[in-house]
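Good morning, colleagues. Please look at the sequence and the structure on the screen, and I shall then go through what has been computed from the atoms.

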Amino acid sequence: VKTRDQYKQAAIEQWTADPCGSTVVEDIPGSDSYFRRLLQVRADYAPWMAEALDYKGAAGLEVLDIGSGQGIDLARYALAGARVTGVDLTPRHVALARVHLAGMGLDAVVVEGDAEQLPFPDATFDRVSSNGVLHHTPDLPCALWEARRVLRSGGLATVILYNRRSLHYWINQVFVEGFLKGGLRREGSMEGVLSSGVEHTSVGARPLVRVYCPRQARRLMMRAGFDKTRVVVRHFQPGDTFVTSYLANRTPALDSAALMERLGRLAGWYVVAYGRKA
Ligand SMILES: C[S@@+](CC[C@H](N)C(=O)[O-])C[C@H]1O[C@@H](n2cnc3c(N)ncnc32)[C@H](O)[C@@H]1O
């Protein structure tokens, strides 16, 4: 178990060494071709994100992306006509996001900062978005409170977290990694198992990785003061569990988009939490 600051340091080490998504794109981070490929890889990996994050509906709005990484969502919001700001803990990600958006001719403000202490005044943004970030930060309630603070009245927050009620978590993480491969014995907790295996790392960085039940995510949004909260579960691919991967290889009909969509909505790897500031 690490202190909060050690977890944040581990996150910086992780994404400095391995920019988020870089392992699936064979090109040089910072180049235009690399970023275009990264955008395509993300759209192929999670086509549902366009709808869940509602890039189109952000046209004309002031949008903050918390944990903006290499700038994938920043670019998508900006291409849809939003004025975008990104904040991230990892200086290398901040530098890459700036270069990537400039390379596409898109305006963006990207700053270094912590989700738990956002470097913006109250009521600065119309929309706050955070995709795959806040399950890595030690104090999620504080980060949600901050997200609400910087929103203007009537603004929407969309927060994507790893889902504890997912097939991927129970089958691949708990059963395979935890029990079969001895992760739970070695690490002593599922948090340890997740920290050592979920994010690809070339430097053994072990950032914090938590999972949240949909109900818990909704409750956390309510406790942070959000109104009209709701949650949806998304994302399933055959490779998400060894069982479906085995079956899909032998029975290609199982790898159907409609079936994956249904499984994703029942027990997908992401929970999307929404809330409005009254
Ligand atoms: C898995 S990446 C996701 C990046 C991006 N949202 C995307 O969709 O590609 C996680 C990101 O969260 C950032 N991060 C982790 N903890 C943070 C915190 N407390 N405040 C701000 N950013 C944080 C990391 O630096 C990293 O860029």
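I begin with disulfides: the structure, which is a predicted model, holds 0 of them. A disulfide would require a pair of cysteine sulfur atoms within 2.5 Å. As for individual cysteines, Cys 20 has a relative accessible area of 32% and is therefore classed as partly exposed. Cys 213, with a relative accessible area of 12%, is buried.

Let me turn to the fold as a whole. The protein contains 12 helices and 7 strands. Its radius of gyration is 18 Å, close to the 19 Å that the globule rule gives for 278 residues, so the protein is as compact as a globular protein of that length. Along the principal axes, the C-alpha atoms fill a box of roughly 50 × 40 × 35 Å. Of the 278 residues, 51% are buried.

I close with one helix pair. Two packed helices are described by the angle between their axes and the distance between the axes. On the α2 side, the contact involves Phe 35, Leu 38, Leu 39, Arg 42 and Ala 43, which meet Ile 72, Ala 75 and Arg 76 of α4.

Notes: Residues are numbered from 1 along each chain as its sequence is written. This is a predicted model: local features need pLDDT of at least 70, side-chain atom pairs count only at pLDDT 80 or more; totals for chains, interfaces and linings use all residues. Side-chain values use heavy atoms; hydrogens and water are left out. Buried means under 20% relative accessible area, exposed over 50%, partly exposed in between (1.4 Å probe, protein chains only). Contact means heavy atoms within 4.5 Å. Helices (H or I, at least four residues) and strands (E, at least two) are DSSP runs, numbered from the N terminus. The radius of gyration is taken over C-alpha atoms; the globule rule is 2.2 Å times the number of residues to the power 0.38.
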